[in-house]
Amino acid sequence: MSNIKNIAVLTSGGDAPGMNAAIRAVVRAGIYHGINMFGIKRGYDGLVNGDITAMDVKSVANIIQRGGTILKTARSTEFKTVEGRKQAYENIKKLNIDALVVIGGDGTFTGASKFIEEFNIPIIGIPGTIDNDLAGTDFTIGYDTAINTVVDAVDKIRDTAESHDRLFVIEVMGRDSGLIALRSGISTGAEAVLIPELEVDYEAIMKRLDSTRKNKSSRIIIVAEGDEEGGLVVAEKIQKNFPSYDVRVSILGHIQRGGKPSCMDRVLASRLGVAAVEGLLEGRKGEMAGLVCSKITFTPFHKAIKHIDAPDENLTRIVEILSL
Ligand code: ATP
């Protein structure tokens, strides 16, 4: 039998579609198991400033389909200080909160690890980030929706590129991870994908552009934002090499974070929300709930935040093979 009676949930770091579905799952799973549930506003900021309210079944009604996060999110500098975390601890003690569920990325789990070390509070994490850059889960919540947003945008850009015989360099999100770039590149038939995990071989890219069909109407180059140079510089280099090309740049930006979560993200969020609460009730702490080969797993925070290995080389090869 668990001693946990009160659990609070927060979303932290960058927002991701599906965070609301995860909040709903955490709150309802807690209530299902007889726990009093609380919501913390604006991530660790709300923990430090005591912005914490009780949540019931109705407070998470009609949110599964909504992007963003009803709890809001923030990047809290105060929580990075010992004094800030002490203040946060005092706030949760005042409300008799016994455990936390934190939804976010590597920074969120780093902060949670420190909080556990200092105050021995049970915390379980849920991977909520569009970047898919955590170990211990095949996918993070928000990634599937984000790549589908990118694919939709690139398809539209392809239409205009095709009509005007243009080459578009399209910069996508993903911080240090090229996974958004690589998957969206494959699914939009991009001519090349530049990712931060691999050094850019400009010579090879130029050669490939030169050797592909001369009469190609449109060309798409996807560049991950974490790539050393970014979309504008890449476009400049291509233009210099191919003065006859009509080169344009599109930086997709924050559109990639918004919108209705996909079915896959909603199901993932629902499964991980229930798993996080049940994990806490089984006595787990300091771990991230994830899904590996369709099975729920728990990975210690320090392993989850280790940057995942470079993307599967087969994926980069596929871009090359199929862009003839
Ligand atoms: P995303 O991957 O979407 O950016 P994230 O969780 O990595 O999400 P961060 O801004 O890096 O986003 O981290 C979220 C919050 O976690 C920070 O604003 C801060 O409050 C807390 N945090 C991050 N690193 C630390 C740390 N070293 N010590 C204490 N708290 C931290």
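This is a predicted model: local features need pLDDT of at least 70, side-chain atom pairs count only at pLDDT 80 or more; totals for chains, interfaces and linings use all residues.
Helix 1 itself spans residues 19-32. Its 14 residues reach 20 Å from the first C-alpha to the last, close to the 20 Å expected at 1.5 Å a residue. Of these 14 residues, 10 are buried, so helix 1 is largely enclosed by the rest of the structure. The buried positions are Met19, Asn20, Ala21, Ala22, Ile23, Ala25, Val26, Val27, Ala29 and Gly30; a residue is counted as buried when its relative accessible area is under 20%. After helix 1 comes Gly34, which has a positive phi, near 80°.

The ligand is the second topic. It is surrounded by 18 residues, and the closest are Arg75, Ser76, Gly105, Asp106 and Thr108. Helix 4 (residues 106-119) gives the most to this shell, with 6 residues.

A polar backbone atom of Gly107 is 2.9 Å from a ligand oxygen, and a backbone N or O atom of Gly14 lies 3.2 Å from a ligand oxygen. A side chain also takes part: an N or O atom of Arg175 is 3.0 Å from an oxygen atom of the ligand. On its own, the ligand has 620 Å² of accessible area, of which the protein covers 88%.

Conventions
Residues are numbered from 1 along each chain as its sequence is written. Side-chain values use heavy atoms; hydrogens and water are left out. Helices (H or I, at least four residues) and strands (E, at least two) are DSSP runs, numbered from the N terminus. The expected span of a helix is 1.5 Å times one less than its number of residues. Buried means under 20% relative accessible area, exposed over 50%, partly exposed in between (1.4 Å probe, protein chains only). A residue is near a molecule or strand if one of its heavy atoms lies within 4 Å of it. A polar contact is a pair of N or O atoms within 3.5 Å; within protein, one must be able to donate a hydrogen and the other to accept it, and residues adjacent in sequence count only if both atoms are side-chain atoms. Accessible areas come from the Shrake-Rupley method with a 1.4 Å probe; for residues, only the protein chains shown count as cover.
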